[in-house]
Amino acid sequence: MALRRGARFALRGVGLGRKALSEKAALQALKASNWHLEGAFDVFYSQTQVKPYADTRRVEELYNRYKDPYVDMILVDGITLLCNDLQVDPQDIVMLVLSWHMKAATMCEFSKEEFIGGLQALGIDSLEKLRDRIQLMRSELKDEQKFREIYGFAFGWAKEKGQKSLALDTAIGMWQLLFEAKHWPLVDHWCQFLQARHNKAISRDTWSQLLEFARMVDPMLSNYDAEGAWPYLIDEFVEYLNENGIIKKGHLNDWS
Amino acid sequence: MTMNQRKIIELEEGWDFMQNGITKLKRILEGLPEPQFSSEEYMMLYTTIYNMCTQKPPNDYSQQLYEKYKEAFEEYISSSVLPSLREKHDEFMLRELVKRWPNHKVMVRWLSRFFHYLDRYFIARRSLPALNEVGLTCFRDQVYQELKGKVRDAVIALIDQEREGEQIDRALLKNVLDLFVEIGMGQMVDYENDFEDDMLKDSASYYSRKASNWIVEDSCPDYMLKAEQCLKKERDRVSHYLHSSSEQKLVEKVQNELLVVYSTQLLEKEHSGCRVLLRDDKVEDLSRMYRLFHKIPKGLEPIANIFKQHITAEGTALVQQAEDAAGNKGCSYGLYVQVLTSIAPQAESAVGSLEQVFVRKVIELHDKYMAYVNDCFANHSLFHKALKEAFEVFCNKNVSGCSSAELLASFCDNILKKGGVEKLSDEAIEDTLDKVVKLLAYISDKDLFAEFYRKKLSRRLLFDKSANDDHERLILTKLKQQCGGQFTSKMEGMVTDLTLAKENQNHFEEYLGKNPNANPGIDLTVTVLTTGFWPSYKSSDLSLPVEMVKCVEVFKEFYQTKTKHRRLSWIYSLGTCNINGKFEQKTIELIVGTYQAAALLLFNASDRLSYSDIKTQLNLADDDLVRLLQSLSCAKYKILTKEPNSRTVTPSDLFEFNPKFTDRMRRIRVRDALSLSLSLICTVSGVILEDSNRSIVHQIPLPPVDERKRVVEDVDKDRRYAIDASIVRIMKSRKVLGHQQLVMECVEQLSRMFKPDFKAIKKRIEDLITRDYLERDKDNPNLFRYLA
């Protein structure tokens with residue numbers, strides 16, 4: 001018992017030191033780790049990522065506000081309403097970031113689990129909190145690692161269910177949205193090229209490699225390696241750029 | 001005890017005695033009259049030394065005697081040897097030297113015997129140079145060191161004189177050079193440093209001078225002749241008087257000056273260089289060139305390179321010739337076939353002769369230069385490689401729109417089919433087939449060849465056009481040897497199918513004999529083929545005339561008795577019918593395709609039919625039907641008359657049997673616009689219909705459609721599978737592999753069949769990623785992982 005008390009004290013100390021933690025939460029952590037102090041620290045810290053406590057009842061109320069009248073999930077209308085409430089354009093890239101946080105499976109819809117679980121995980125239980133959080137999410141796009149994750153997530157989110165690849169129109173829309181944030185100068189050429197020469201759906205491999213291409217290869221293509229493992233579509237894009245004189249002797253001739 | 005009683009010999013006294021002996025020796029050496037040493041004298045001299053060395057100190061004179069021994073040589077050399085050498089020069093000096101050196105050796109031999117006791121104890125105990133060595137060293141230090149420069153120059157001068165064709169005393173040189181070797185007392189450093197180095201330098205500059213003149217004045221063959229002679233003479237020189245260790249060095253020097261330095265200039269000589277020799281078939285000069293240059297490191301490379309360029313140019317010229325020949329006919333080759341074949345049956349052979357000529361010429365070219373590789377270039381791998389690379393260049397060019405794979409397949413067809421262009425003996429055919437197969441090795445699209453070959457083979461087999469079964473099997477054996485069993489398995493299957501079909505036909509006839517009720521009343525021959533072996537043929541739902549339906553039923557029944565588990569599908573497009581057409585003037589036997597027969601037989605029931613009547617009754621698609629009716633009403637043999645009488649068939653046309661049709665032949669073949677190009681699982685190869693009312697029969701051949709495109713498409717599809725399979729195979733064993741390496745291994749694996757391009761491989765890799773066979777490594781996108 002003495003050990004238990006000691007452990008309880010130690011953990012509360014840490015909690016107080018960092019971020020006033022309720023004794024209740026500390027106790028939960030201790031119980032979860034069977035009163036082993038180190039284990040409790042682990043449990044505690046992994047939970048602190050999740051922290052600000054969200055009131056389940058209020059989250060559910062929010063869900064019900066947007067829920068489709070006929071199906072137990074949020075559909076296009078609900079999302080439009082949500083966007084209105086948040087004063088965000090539904091086309092805003094931040095909606096992608098939100099969906100990423102909610103682990104949404106598909107564009108323009110949230111299942112009940114996704115919405116409620118997502119908000120709880122974010123520790124958000126009111127519109128105000130969500131609105132505040134949206135600003136934060138915008139800045140998350142600037143984080144290299146997070147951007148990568150969001151970019152990778154976008155493929156599965158945007159494609160039609162049951163399809164392996166992403167319809168070209170959707171892909172182009174997503175790219176324009178995503179690379180606007182990244183300022184990749186070739187994005188418009190890329191989209192024009194796809195429409196002119198490819199006109200087919202985009203595979204996941206091409207999708208993910210394009211980000212690598214935009215990150216690794218400079219816009220003058222000076223460090224592009226034709227022998228590399230770039231997907232053939234990217235190789236052809238480079239050919240297209242050269243053929244059309246868009247890239248000439250290390251200058252980007254921007255005629256568009 | 002006796003030793004103690006011996007009288008002590010003082011140094012001076014003893015040395016005086018020795019001096020006498022030494023003087024006598026010198027006189028003998030100088031050739032002055034003097035009797036030889038007697039054994040007594042010798043014993044006395046030896047004993048004196050022995051005694052003087054075995055006296056107790058201070059009367060042990062070993063050290064002093066050892067010094068005196070050396071002084072004796074020095075004195076003799078400075079008083080007699082050197083003066084006599086110094087007064088002579090050049091060859092005379094050499095002569096003196098070769099006299100003095102053996103003399104000196106004699107002196108060393110004798111004196112070392114007199115003083116021998118020193119060697120046994122004094123020298124051995126103190127590890128001093130032995131007597132023999134001391135003696136020789138004297139000569140070396142006094143004579144050799146002083147004269148070696150003069151001697152060397154004199155020798156080299158003589159060598160140069162000999163190079164210029166003068167007679168010299170080779171024995172003298174031999175002796176002088178032996179001295180250089182002997183003076184080293186077992187080491188070659190003196191020979192090498194004091195003579196060989198300068199001799200090599202002199203030889204180099206001598207030949208450098210020569211070469212700089214010859215290369216300007218002489219033609220390449222003359223130059224090579226001279227070079228070869230020079231090299232031979234230098235080898236000769238070594239064997240006569242130089243030390244054998246000099247041969248390699250000397251030859252290398254000379255080769256360097258004569259060949260290496262001027263290699264490019266010589267090989268590229270404008271009017272006589274390697275290219276010209278190849279052009280003018282100067283076999284002997286080329287052999288000489290090989291002999292000279294193959295000893296030089298990398299010396300053959302430029303020659304092999306020129307050889308390759310030469311063959312490439314000749315081969316490319318052949319391609320151009322063929323191109324021009326086709327061009328002269330006014331249209332591209334492909335079109336040319338179509339136009340001509342629809343005009344006259346012999347046209348095909350006219351076109352055939354074009355490819356025939358081309359392939360023949362390529363074979364001749366190969367024979368010719370293979371002989372060069374064997375005869376002139378001693379089968380050297382570098383030249384085999386050059387030949388291969390050259391042929392790979394132009395053998396993979398298209399000849400007027402035809403790939404060489406197709407040309408080669410057509411060439412084989414011409415050789416193997418009945419009534420081919422060339423009349424050849426069996427041996428000539430075998431020989432030709434052998435060579436064609438060799439050429440195939442240079443073609444990267446072997447799969448394309450296989451596909452075309454199979455098309456042609458199927459035609460030979462199904463239409464009984466193959467001239468000789470043995471030859472068919474022979475070439476398959478050769479192909480199998482070269483390209484592997486997988487390459488020929490389908491072709492072999494086809495040949496086997498035909499043999500089985502003949503047996504099957506016999507059984508069928510027996511069956512009909514036993515079951516007279518089943519007999520359809522028409523001679524029926526059916527060829528059953530195995531799906532997969534044969535090219536794919538188009539099958540359609542043609543509604544057969546009743547007579548033929550009965551035939552098909554009868555055969556099905558018969559086939560059921562043999563096997564229950566096989567499904568027959570009929571390829572009417574490959575069938576032929578002989579029909580007797582009763583025209584007003586005479587009855588004519590028409591040989592037609594199954595489609596045509598079906599159409600003609602409709603006119604047994606009605607005199608006049610509209611396009612749509614025929615279409616409904618035959619259940620044919622428009623394009624097939626138009627072509628079919630065209631062949632019967634608008635082509636050479638107008639068995640049907642058409643209303644309106646125009647050159648093309650339209651859906652509003654009406655057709656009628658033409659009783660006025662006649663031809664001076666009793667049997668005719670009617671060509672139709674679509675030909676013998678399609679096929680599938682089981683074919684009716686001959687349905688012979690007898691029709692009693694009106695006999696119309698014909699073999700109406702159909703002009704060829706663009707088969708080529710289909711073959712190429714089929715091959716492309718097969719390649720995709722092949723690349724997929726290869727990638728999966730590689731990744732299955734490697735699990736993780738870099739992109740570059742995967743592509744290389746894939747190309748390597750497939751190169752026996754075709755040369756896949758990188759883009760195609762890339763696409764297949766991506767496709768396999770999509771299908772979850774592979775994934776990219778998370779951290780390194782250039783790395784692929786196999787997903788089991």
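Angles under 35 degrees between two axes count as roughly parallel, those over 145 as roughly antiparallel, 65 to 115 as roughly perpendicular, and the rest as oblique. The axes are lines fitted to C-alpha atoms, for helices over the stretch in contact, and the angles run from 0 to 180 degrees between N-to-C directions. The model is predicted: local features need pLDDT of at least 70 and side-chain atom pairs count only at pLDDT 80 or more, while totals for chains, interfaces and linings use all residues. Residues are numbered from 1 along each chain as its sequence is written, with chains lettered from A and ligands numbered from 1 in the order in which they are written.

1. Helices H19 and H21 of chain B. Helix H19 (residues 404–416) packs against helix H21 (residues 446–462) at an angle of about 25°, and the axes are 8 Å apart. H19(B) and H21(B) are therefore roughly parallel to each other. Helices here are DSSP runs (H or I, at least four residues), as are strands (E, at least two), numbered from the N terminus.

2. Residues joining H19(B) and H21(B). From H19(B) the contact takes B:Ala405, B:Glu406, B:Leu408, B:Ala409, B:Ser410, B:Cys412, B:Asp413 and B:Leu416, which meet B:Leu448, B:Phe449, B:Phe452, B:Tyr453, B:Lys456 and B:Arg460 in H21(B). Contact is counted when C-beta atoms, placed from the backbone, lie within 7 Å. By class, the residues of this contact are nine nonpolar, one polar and four charged (Ala, Val, Leu, Ile, Met, Phe, Trp, Tyr, Cys and Pro count as nonpolar, Asp, Glu, Lys and Arg as charged, and the others, Gly among them, as polar).

3. Helices H9 and H12 of chain A. Helix H9 (residues 144–158) and helix H12 (residues 204–216) pack at about 160° with axes 10 Å apart. H9(A) and H12(A) are therefore roughly antiparallel to each other. Their crossing is right-handed. H9(A) contributes A:Arg148, A:Tyr151, A:Gly152 and A:Phe155, and H12(A) contributes A:Arg204, A:Trp207, A:Ser208 and A:Leu211. The residues of this contact divide into four nonpolar, two polar and two charged.

4. A:Arg204. This residue of helix H12 of chain A has 18 C-beta neighbours inside 10 Å and so counts as partly exposed (20 or more other C-beta atoms within 10 Å make a residue buried, 12 or fewer exposed, and values in between partly exposed). The C-alpha atom of A:Arg204 is separated by 6.2 Å from that of A:Ser165, 39 residues apart along the chain.

5. The S4-S6-S5 sheet of chain B. Three strands form this open sheet, in that order and with antiparallel pairing. Strands S4 (608–610) and S5 (640–643) stand at the edges with a single partner strand each, so one side of each is left without a neighbour in the sheet. Neighbouring strands are turned by 25° against each other on average, direction ignored. Strands pair if DSSP finds at least two bridges between them; S5(B) and S6(B) (residues 654–657) have four. Among the bridge partners are B:Lys642 with B:Phe655 and B:Glu643 with B:Leu654.

6. Faces of S5(B), and the helices on the sheet. Helix H26 (residues 611–618) of chain B lies across S4 and S6 of chain B, at about 85° to S4(B). Helix H27 (residues 622–633) of chain B touches S5 and S6 of chain B, its direction making about 115° with that of S5(B).

7. The S10-S12-S11 sheet of chain B. This is an open sheet of three strands with antiparallel pairing. The edge strands S10 (736–738) and S11 (774–776) each pair on one side only, and the twist averages 30° from one strand to the next. S10(B) is joined to S12(B) (residues 783–786) by three bridges, and B:Val736 has B:Arg785 as its bridge partner. Helix H28 (residues 707–734) of chain B lies across S10, S11 and S12 of chain B at about 120° to S10(B).

8. The contact between chains. Chain B gives 11 residues and chain A gives 10 residues. On the side of chain B, helix H29 (739–750) and helix H30 (758–770) are the elements that give two or more residues. H30(B) provides the largest share, six residues. The classes on this side are two nonpolar, four polar and five charged.

Note on methods
Two residues are in contact if their C-beta atoms, placed from the backbone, lie within 7 Å. A crossing is left-handed if the near helix is turned anticlockwise from the far one by less than a right angle, and right-handed if clockwise.
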